[in-house]
Structure formats: C-alpha cells, structure tokens
Amino acid sequence: MKKKWILCMVAVLCIAAALFGCGKKNVGTPEDNAVVEEDDKKNDNTEEGGRLFGFSGIDMSNPFYDTLKNSVQTALEAQGDRLMVRDPASDADLQNEQIRELINEGVQAVFLCPVDWEKITPALEALKEADIPVINLDTEVKETSLVSAFVGSDNENAGYVCGQDLLVQKPDGGKIVIVESPGVNSVNERITGFEEAVANSGFEVIKRIEALGDSSNVKDEMTQVLNENSEIAAVMCGSDPMAEQVMAAITEVQRTNICVYSVDGSPATKTALVNGTGGMTGIGAQSPINMGKTAVKVATALLAGKDYEKENYEETFFINRDNVEMYGTDGWQ
C-alpha cells in the first residue's frame with residue numbers, strides 16, 4: 001500500500017512538472033519563442049510575399065530619384081508588396097537592357113523615369129508585348145500610348161516661377177545662361193516655362209550648356225562662359241545637380257551678382273539658398289514624396305481593375321530665402 005502511494009506521488013509530480021514546463025515555454029523569453037516569432041515573420045511582408053513591381057530611375061545617385069524610389073517602396077511595402085530597383089546611371093541603352101531584366105523577373109508593373117524620352121521606346125514595346133503596365137514618372141515618354149499612366153510635376157510652372165522671380169531681381173534684363181538636357185522632357189518643360197516668363201523683358205540667352213549624364217561636365221563649361229563674359233545676369237538650371245555644378249563654378253571664380261535658379265528642391269540646394277552659396281536665388285520646387293505615393297495609388301487601382309487618373313500632376317511652387325525655412329533643409333518637401 002505504501003509503495004502504491006509513493007508511485008502515485010511520483011506520477012503526480014511528473015505531470016505537474018510537465019504542465020509547468022509547458023506553461024513556461026508559452027510565456028517565456030523571446031529566446032524561448034524564437035521559432036514562433038520566425039514563423040510570424042514569414043507571414044509578414046518578406047522577400048517572398050506580395051506582388052513584385054519594378055522601378056527604373058534615370059540615375060539613382062541623384063537624390064531626387066532616390067527619394068522618389070524610397071517613397072514608392074514605402075507605399076508598396078505598407079500594402080505587402082515588393083520593389084525591384086534598377087539603376088541605368090543615365091545610360092539609355094542600359095536602361096533598355098534592365099527593363100528586359102525586370103520583364104524576365106516577372107514584375108507585375110513598372111515605375112519608369114526614362115533616361116531618354118525617345119530611346120526608351122523599344123523597352124516600352126517589350127513591356128507592352130509582355131502585358132506589363134507602365135507607370136511613367138517625372139519625365140514623360142514620347143510614345144505615350146505605350147504607358148498606362150503618367151505621374152509627374154507641373155514642370156512648366158516650376159520653370160515659370162523662376163522666371164517670374166528673375167523679372168523682380170533683374171528688372172532691366174541682362175544676359176542669361178541656360179543649363180539643359182534636351183533628351184529629358186521634364187527638363188525641356190522647365191526651360192520652356194522659364195523662357196516664357198522672361199520673354200520680351202530685355203533678357204538674352206548667350207549660352208546653352210547641355211548637361212551630360214551626371215552633369216559633371218557643367219562646371220568646366222560654366223567656368224569657360226564666366227571667363228568669357230563679365231556680365232551675366234542669371235543662370236537657369238533644369239535640375240539641382242546641374243545647379244550644384246554651376247554654383248561650384250561661380251564660387252571658384254569668385255563672381256557675384258549672378259542669380260542662379262534651379263528646379264527640384266533637394267536638401268543641398270535649399271541649404272545653398274539659405275547660405276547664399278554660388279548665387280543660388282530660387283528653386284522651382286517639386287515633391288518626389290507625393291509623386292511616389294500617387295504613383296502607387298495609380299498602380300494599385302490599375303492592377304485591381306479600378307478607375308484611375310491617367311495623367312497626374314503634382315503641384316510645383318517657388319522657394320526662396322524668404323520661405324525656405326517653412327520647407328526645411330534637412331529633407332525633401
């Protein structure tokens with residue numbers, strides 16, 4: 001009898017120990033539940049989950065396109081989707097090759113900023129054949145029938161507001177240098193808007209500098225123009241990277257009283273505006289953050305078979321020393 005009682009007690013203790021052990025495992029430390037947490041992560045937005053989208057910018061070393069990409073990626077990941085990014089580094093032929101790579105990877109849609117608005121056509125045709133929709137960003141392609149939607153900025157207005165300010169700064173007119181990129185339609189629109197604003201107001205364009213690739217050629221060409229012309233009233237730049245090169249040239253030759261204008265609104269350019277570096281006077285600003293958010297909304301509606309706007313233009317506005325603090329210099333607006 002005593003032996004049976006002892007055996008019963010041992011069994012009870014073993015059961016209790018087992019139950020206690022299970023309880024500890026359920027409410028233990030993160031290390032105890034590591035396997036469970038790993039399983040939870042597999043159900044979250046991992047590399048294997050959600051739809052796959054492609055992104056091709058003009059040059060990802062340009063802070064504008066990097067910020068635009070980040071905005072698109074953040075919005076996609078918030079809904080459980082993924083983004084595959086390709087950087088053509090301002091090479092139109094490379095961009096066409098990379099678009100084909102995205103097609104082979106099985107992307108369901110592509111966000112595209114064309115290096116060259118006309119040379120991108122073969123890639124657009126390949127996407128059309130693969131039945132992959134294109135959300136054209138920032139710079140409009142020439143063959144608009146090959147894209148599903150466009151999301152950009154009011155680029156003409158961005159240039160126009162710069163021209164309007166120049167009329168105030170230099171009411172007597174003067175000589176102008178324009179830094180442009182003919183293969184990039186958004187830049188063309190900015191320059192068009194600027195020239196419309198200053199038309200018939202006593203200004204003369206004495207030089208047009210074509211920015212190549214990363215715009216690194218602009219500084220040397222601008223330096224030469226400065227050395228050959230003692231009276232330059234203003235320089236209109238189609239983008240912030242162009243403006244940075246112009247400001248470097250002006251600073252190096254120690255010229256003053258030149259108004260420099262740009263379009264974008266990067267932290268670096270707004271900082272130059274605050275400090276008065278290299279003649280920076282005003283910026284036709286745009287928001288790559290808002291552009292990216294809108295692009296994802298359009299793409300999501302498109303793939304869901306819902307209605308969407310085929311042409312979307314984000315507001316552009318003027319930033320100068322009087323209001324730059326409102327937008328800040330530590331990030332994009």
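Two strands count as paired if DSSP finds at least two bridges between them. I jot that down before anything else, with the reminder that this is a predicted model.

I began with strand β10, residues 280–285. How many of its residues are buried? Six of six, so I noted the strand as mostly covered, taking buried as under 20% relative accessible area.

Next I looked up the pairing. On one side of my list is strand β12 (residues 317–319), joined to β10 by three bridges and running antiparallel. Within that pair, Gly284 has Phe318 of β12 as its bridge partner. Then there is strand β9 (residues 259–264), which pairs with β10 in the parallel sense over five bridges. Here I found Tyr261 standing opposite Gly282 of β10. From β9 the chain gets to β10 by way of helix α10 (residues 267–275), and this β-α-β crossover is right-handed.

**Entry: cysteines**

I searched the whole structure for disulfides and got zero.

Cys162 has a relative accessible area of 0%, so I put it down as buried. Cys259 comes out at 8%, and I put that residue down as buried too.

**Entry: Asp154**

I went to the loop between β5 (149–153) and α6 (155–169), which is where Asp154 lies. Buried, exposed or in between? Asp154 is partly exposed, because its relative accessibility is 34% and that class runs between 20% and 50%.

I then listed its contacts, skipping neighbours within four places in sequence: Asp154 touches Tyr313, Glu314 and Thr316. I also took a C-alpha to C-alpha distance to Gly193, which is 39 residues away from Asp154 in sequence; in space the two are 9.9 Å apart.

**Entry: helix α5**

Last stop was α5, residues 121–129. Which of its residues are buried? I wrote down Thr121, Ala123, Leu124, Ala126 and Leu127. I wanted to know what covers them, and the cover includes helix α4 (92–105) along with strands β3 (109–112) and β4 (134–137). After α5 comes Asp131, and I flagged its phi, which is positive, near 60 degrees.

Note on methods. Residues numbered from 1 in each chain as written. Predicted model: local features only at pLDDT ≥ 70, side-chain atom pairs only at ≥ 80, totals over all residues. Heavy atoms only, no water. Buried < 20%, exposed > 50% of the residue type's maximum accessible area, 1.4 Å probe, protein only. Helix = DSSP H or I, 4+ residues; strand = E, 2+ residues; numbered from the N terminus. Contact = heavy atoms within 4.5 Å. Right-handed = clockwise from strand over helix to strand, strands pointing away. Disulfide = S-S within 2.5 Å.
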